[in-house]
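This report is meant for someone looking at this structure for the opening time. Please keep the sequence and the model side by side while reading.

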Amino acid sequence: SVSSVEPGASSIAFGRVQVGNVTDRVLSIENEGEQAVLRASFGDPQFSILGDSVFAVPSGGHQIRLSFAPLSRNANLPFSDILTLVDTTTGRTFGVALSGEGVQGALAQVEPALAFDSVRVAVPVSSNLTLRNAGNDTMTVSVQVAGQGSGRFAARFDTVFLDTSAPFTLP
């Protein structure tokens, strides 16, 4: 029968993972007896085991790969779940706490739009546009002027890096 699940490890932290990406971690299982069969289960579909959820653990050591694939960004606390492993022969249960943070930038425009009102011909006029990152991770914003008459407008930046600390104003 299985004697321990990664001795001393009662939790696995996946850290900060971009929404849409996957991060893997390895969990070691020690088996001091004959081959055993374990059944793994999760409550949160963002956590999974790579391969079958029912697997054989030979005598000695065995490793399984776990993955975290966040479906959305966290509001405040990391996502968490318990990986439950049941030895199908003995009924012995092992629990491992899992945690991971889904991160993603979220663009928010502070002002509703740019408006230039009446402008004299051949007299340059400028206006500011303030953007804010409402997400929980740094993001890159590409600036492009488009639309009818867009050739008459120009942006001073092509690319802007927005962290989550403060708004950024495009001059």
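## Confidence and overall make-up

Among the elements of the protein chain, strand β5 (residues 47–49) has the highest mean pLDDT, 96, while strand β14 (residues 168–170) has the lowest, 57. The model is a predicted one, and across the protein chain the pLDDT averages 81, with 74% of the residues scoring at least 70.

The secondary structure of the protein chain comes to 14 strands and 0 helices, and the pattern read along the sequence is accordingly β-β-β-β-β-β-β-β-β-β-β-β-β-β. Of the 171 residues of the protein chain, 29% count as buried.

Strand β4 and strand β8 (residues 79–87) run antiparallel and are joined by 4 bridges; here Arg-39 has Val-86 of β8 as its bridge partner, and Ala-40 has Leu-85 of β8. Strand β4 also pairs with β6, again over 4 bridges and in the antiparallel sense, and in this pairing Val-37 stands opposite Ala-56 of β6.

In a regular strand the side chains alternate between the two faces of the sheet. In β4, the covered face is made of Ala-36, Leu-38 and Ala-40, whereas Val-37, Arg-39 and Ser-41 belong to the uncovered one.

Phe-55 lies in strand β6 and is buried, because its relative accessible area of 11% is under the 20% limit. The C-alpha atoms of Phe-55 and Ala-36 are 8.5 Å apart in space, although the two residues are 19 residues apart in sequence. Ala-56, which also lies in strand β6, counts as partly exposed at 34% relative accessibility. Ala-56 and Asp-87 are 31 residues apart in sequence, and their C-alpha atoms are 9.7 Å apart in space.

## Pairings of strand β7

Another set of pairings involves strand β7 (residues 60–68), which pairs with β3 in the antiparallel sense over 9 bridges. Glu-30, found in strand β3 (residues 23–31), has Gly-61 of β7 as its bridge partner. At 36% relative accessibility, Glu-30 counts as partly exposed, and its C-alpha atom is separated by 7.8 Å from that of Ser-59, a residue 29 residues away along the chain. Strand β7 is also joined to β5 by 3 bridges, the two strands running antiparallel, and in this pairing Ser-48 stands opposite Ser-67 of β7.

| Strand pair | Sense | Bridges |
|---|---|---|
| β4 and β8 | antiparallel | 4 bridges |
| β4 and β6 | antiparallel | 4 bridges |
| β3 and β7 | antiparallel | 9 bridges |
| β5 and β7 | antiparallel | 3 bridges |

## Side chains: a salt bridge and a surface patch

Side chains of opposite charge can pair when their charged atoms come close. A search of the whole structure finds 1 salt bridge, in which the side chains of Arg-16 and Glu-101 meet at 3.5 Å, N to O. This pair links distant parts of the chain, with Arg-16 in strand β2 and Glu-101 in strand β9 (residues 93–103), 85 residues apart. Glu-101 is partly exposed, with a relative accessible area of 21%.

Elsewhere, Val-119, Val-123 and Val-125 make a nonpolar surface patch of about 220 Å². Of these residues, Val-119 is found in the loop between β10 (107–109) and β11 (129–133), and Val-119 is partly exposed, with a relative accessible area of 40%.

Conventions
Residues are numbered from 1 along each chain as its sequence is written. This is a predicted model: local features need pLDDT of at least 70, side-chain atom pairs count only at pLDDT 80 or more; totals for chains, interfaces and linings use all residues. Side-chain values use heavy atoms; hydrogens and water are left out. Patches are made of residues with over 30% relative accessible area and no salt bridge: like charges are joined within 9 Å, nonpolar side chains (Val, Leu, Ile, Met, Phe, Trp, Tyr) within 5 Å. Accessible areas come from the Shrake-Rupley method with a 1.4 Å probe; for residues, only the protein chains shown count as cover. A salt bridge is a side-chain nitrogen of Lys or Arg within 4 Å of a carboxyl oxygen of Asp or Glu. Buried means under 20% relative accessible area, exposed over 50%, partly exposed in between (1.4 Å probe, protein chains only). pLDDT is the predictor's confidence in each residue, from 0 to 100. Two strands pair if DSSP finds at least two bridges between them.
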